[in-house]
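Trainee: Could you go through this one with me? I would like to begin with the salt bridges.

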Amino acid sequence: MAISRDDLDQHGLIIGVSPERFRAVAMPLLFDHLDAQCEGTIAVNRQARIVWINDKYAQKVGISDPRSALGKEVEEVLPASRLREVVESGQPSMLDLMAFGDEHFVVTRIPLRDEDGTLVGALGFVLFDRARHLKPLMAKYANLQSQLLATQHELAKARRARYTIAGFIGASAAASEVKRQARRAAQLDATVLIRGETGTGKELLAQGIHNLSPRANGPFVAVNVAAIPETLVEAELFGTAPGAFTGAERKARIGKFEVANGGTLFLDEIGDLPLPLQAKLLRVLQEQEVEPLGSNQVKPLNVRVIAATHIDLEAKVAAGQFRGDLYYRLNVLALQVPPLRERREDIPALVEFLLDDIANRSGQAPMELSHKALSLLARQPWKGNVRELRNLLERAQLDVDGPLLDVPQLQPLLAAPGSAAATETPTSPAAPGADEPVQPLAQTLAQAERRALQSMLVACKGNRRRAAMELGISRASLYSKLQQHGLSQR
């Protein structure tokens, strides 16, 4: 097909020109344009020695005769130059800031190759001699940086412990002693095991210990082991490598140990940790390093562990359900949190604090208790401890009109199904007779646990989800216990 003269330009480029012809004509034009528009141009050879520098660049760096720079190593003329790196790596540096005296140049660096593709040197251009030309880009960068810092601040704030040891309300001998032990534990960077019934304030004390320790500025990460499905506990605690198992994310996921690095990891309900993972936890505690699921690399850690449980760990060790070596590793500093019934003199102060807190959260005026109502509360067994007391007061605020709570208003709530007063029985189990053999503790506890499971399943008409909720354990723990006692098929 004939080409008309309209298809040609002044350089003889034809529409549909070959790549070779295009490069032959376009590259000199590109270089001439950059050389004219840029604030300076310099070229080095394979040894990073200057082979050419234009007049503008020479004048900018204080060289009167550009020929005097030829043959010198580029760093002699431009101390901050990175053209040597481009020559050695063969990789371009498309945008960078280079310092020269009190100034900063915006530069780009590209490798030079001959027709065979052999690296022969590198070329540097000073795009701008003032960073003001990058002001829009720098403004966007600064905006993104501030957003990142704000997000990091919010994440760090979310990981901060909220409570102090002083937040453990009570001046009784039992409360004062546990607070004294907690303050002592805060000064020692050892593993702590907090024991006590559910609802006694174990996590509050754990946060208080963290906030009074040298790790106070680090993260506080709380994990309820019983609330995590057994198949996910390992990934949740130790993290995963990319694609560690079917359905896993392609990118790595850090575990709670890494999230807590530099701070404290609170492992609540540690007695429910699956037996196969107890060995891995022991290793993390001993070596202060973690190996994510599906990875062959270990990552160093600096984490303090505070564990908590409401169950008899010694009995679980005796029954072979909890590793003895892990128990001893956790039980370095032990705190026993007293139940509410053993510090009844603290109930008035607790009630006052809880009523004020409930009022602040609900936006309603705080309520008051009569002396008779306070005496009634002090006589309750409080199997759910402070958590149960708070629940009662919250329900009372919803159910009662007026600012004063008295016995007639509280009595129906205390007698409601599931409450401590309704479930408490006046009689205690009879002690074994002199001729009756005394069973080992582990066996006695196992029998009691089996009876409790059977009774709750009957009360819940076989609804296992409800049974787990009433027992205060996860469904995974319930299924495990049912299987352990041979009740899973019932």
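Trainee: How many salt bridges does a search of the whole structure find?
Mentor: The search finds 23, a salt bridge being a side-chain nitrogen of Lys or Arg within 4 Å of a carboxyl oxygen of Asp or Glu. This is a predicted model, in which local features need pLDDT of at least 70 and side-chain atom pairs count only at pLDDT 80 or more, while totals for chains, interfaces and linings use all residues. Residues are numbered from 1 along each chain as its sequence is written, and side-chain values use heavy atoms, with hydrogens and water left out.

Trainee: Which residues are linked in a network of salt bridges?
Mentor: Arg-49, Glu-73, Glu-75 and Arg-84 form that network. Within it, the closest N and O atoms of Arg-49 and Glu-73 are 3.8 Å apart. This pair links distant parts of the chain, 24 residues apart, with Arg-49 in the loop between strands E1 (40-45) and E2 (50-53) and Glu-73 in the loop between helices H2 (55-60) and H3 (74-77). Helices (H or I, at least four residues) and strands (E, at least two) are DSSP runs numbered from the N terminus.

Trainee: And Glu-449 with Lys-481, where do those sit?
Mentor: Glu-449 is in helix H18 (residues 441-459) and Lys-481 in helix H20 (residues 475-484), 32 residues apart, and their closest N and O atoms are 3.1 Å apart. Glu-449 is partly exposed, with a relative accessible area of 26%, whereas Lys-481 counts as buried because its relative accessibility is 13%; buried means under 20% relative accessible area, exposed over 50%, and partly exposed in between (1.4 Å probe, protein chains only).

Trainee: Lys-202 is buried too, so what is the nearest side chain of opposite charge?
Mentor: That is Asp-268, 5.2 Å away, and Lys-202 has no salt bridge; for charge, Lys and Arg count as positive and Asp and Glu as negative, while His and the chain ends are not counted. Lys-202 belongs to helix H7 (residues 202-211), and a polar atom of the Lys-202 side chain lies 3.2 Å from the backbone oxygen of Gly-196. Leaving out residues up to four places away in sequence, Lys-202 touches residues including Phe-266, Asp-268, His-310 and Val-337, where contact means heavy atoms within 4.5 Å.

Trainee: Switching to the largest nonpolar core, which residues touch the most other members?
Mentor: Phe-257, Leu-267, Ile-270, Leu-273 and Leu-281 do, out of 29 residues; such a core is a set of buried Ala, Val, Leu, Ile, Met, Phe, Trp, Tyr and Cys residues joined through side-chain atoms within 4.5 Å. Among the elements that give two or more residues to this core are strand E7 (220-224), strand E8 (264-268) and helix H10 (275-287), and H10 gives the most, with 5 residues. Not counting residues up to four places away in sequence, Leu-281 touches Phe-238, Phe-257, Leu-267, Ile-270, Leu-273 and Leu-326. A second, separate core of 24 residues includes Leu-340, Val-351, Leu-355 and Leu-405.

Note on methods. Polar contact = N/O pair within 3.5 Å; in protein donor to acceptor, adjacent residues only side chain to side chain.
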